[in-house]
Amino acid sequence: MKALRALLSRVSPADAIAAARALLAQTAQQDILATVTHCLLVHDGHLLNPLSGEYRSLDSTEGPTFADAVAAAARQLLPGSSAGEGVLLLLPSAQFIATRYQLALGGASLLRSALALQAHTLIPAYDKELLLAVDATRSEGVALWYPAEQAAALFPAFEAQGLLLAALLPRALALLTESPRAQDLLISDEDATHCVQLEWRAGSLRSWLVVARQDLDDPAFAEQWQTETGRATATQRLAARGWDDWSSRRLHVKPPECWCFFPSGALKHGRLLWQRKQRRAAGRAAAAALLLALLPFLRNAVELAWLDHQLAELREQSTEARESQASLLALDDEWGVIADYPHQDVARVLLTLNQYINSSLSGFALDRGVVDIVGYAQDPALLVEQLAEGEVFYDVSQSRSSSGGEGGLRGDRFGIRLRLNGVDFEDYEARHPPVER
């Protein structure tokens, strides 16, 4: 935490804003380069498709109409191209300005900023805005410049033709495609008006020499040109000496980001692409968060569906058993009225009574579990107590008062009402209600 605070204290708001802008610009460049699908090359009044060899003549090679002429020829060469397919335009190498630099600066953004601040000092003859391309990972080498006004004119001209101009690249650097892993190269690019020689040493651009052909007619200029070009130490050579060399090559150019020039319109389009990508990423993140939130519900829904499926299978498997059970229940309903009818064991009742009443029972009635007896006993109250203590009867009570008289030696006349244990007609009728017919 302390280290982070110390770092933040050393970074000013202006530096933070500059770093954010540089990062956004780099991201926009990467996004616009990712759209590059086609490559076109300008050479001696022609626009060439280096991959197919097809070309078109340009109506103008300079001035304000140059951009319109290139765009119109590009539309003819790419009839099926859409606005989302980026075009890399290779321009004559002599149109770019080269300056040497040696700056002991750490960080690519600092080096680019330092070169941009020195632009008018390095190139005093041109006071308009310049675009910069440089391998900012090197503390020394060659920086390339291109007029921003010309780049800005090309983008809308292509846009008017329904094409997306993604980036500009010096024509000579396209030859690096033929030896992508070479560390030392001497590259020559010639056309009808200029000769360009660049030296690629230790994986970086070390020199960039340009001369007009008409100047070579002067012996002094020709000798100086030979001296300067003779200082190159690279042994492997790549040369495109005129239209025939370029038109016979079949190049699939992979643009190096650090050496590309991006018109302001292309960078704006790149920022739009970045914003769309951010919105899509935010949408995916929101969808993922929603999915995580819904995951428990989805899991429950899946489990419920699986359980329903299992239940359906078990129901199907138990169809026969359920049909048998239904048959048994139907039989139980049909015969239950008889099978469940309360059993009043008359024989047991009589044998039990016979234990307490010795040949003096004169009346016996049994109805719905209620027994009414009439007879003679020496002590009717004792008889009630004895019957109540047994397991067969409950709720034993005298139904009429005992009296003497006709019994004589047999005792007093009594009337007793008892209920049988285990005989419940109310429960039976609740389970089998009577049906009126």
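These legends cover close-up views of a predicted model.

Local features need pLDDT of at least 70 and side-chain atom pairs count only at pLDDT 80 or more, while totals for chains, interfaces and linings use all residues. Residues are numbered from 1 along each chain as its sequence is written, and side-chain values use heavy atoms, with hydrogens and water left out.

**View 1. Tyr-55 and Trp-243 form an edge-to-face pair.** Ring centres lie 5.1 Å apart, with planes at 80 degrees. Rings of Phe, Tyr and Trp (its six-membered ring) pair if their centres lie within 6.5 Å; planes under 30 degrees apart are stacked, over 60 edge-to-face, the rest tilted. By this rule there are four aromatic pairs. Tyr-55 sits in strand β3 (residues 55-57) and Trp-243 in helix α8 (residues 243-248), 188 residues apart. Helices (H or I, at least four residues) and strands (E, at least two) are DSSP runs, numbered from the N terminus. Tyr-55 is partly exposed at 41% relative accessible area. Trp-243, at 18%, is buried. Buried means under 20%, exposed over 50%, partly exposed in between (1.4 Å probe, protein chains only).

**View 2. Phe-96 and Phe-261 form a tilted pair.** Their centres are 5.2 Å apart, with 35 degrees between the planes. Phe-96 lies in the loop between β4 (86-91) and β5 (97-102), Phe-261 in the loop between α8 and α9. The pair therefore ties together parts 165 residues apart in sequence. Both residues are buried.

**View 3. Phe-96, Tyr-146 and Phe-261 form a cluster.** Ring pairs link these residues.

**View 4. Arg-279 lies in helix α9 (residues 264-317).** Arg-279 is exposed, at 53% relative accessibility.
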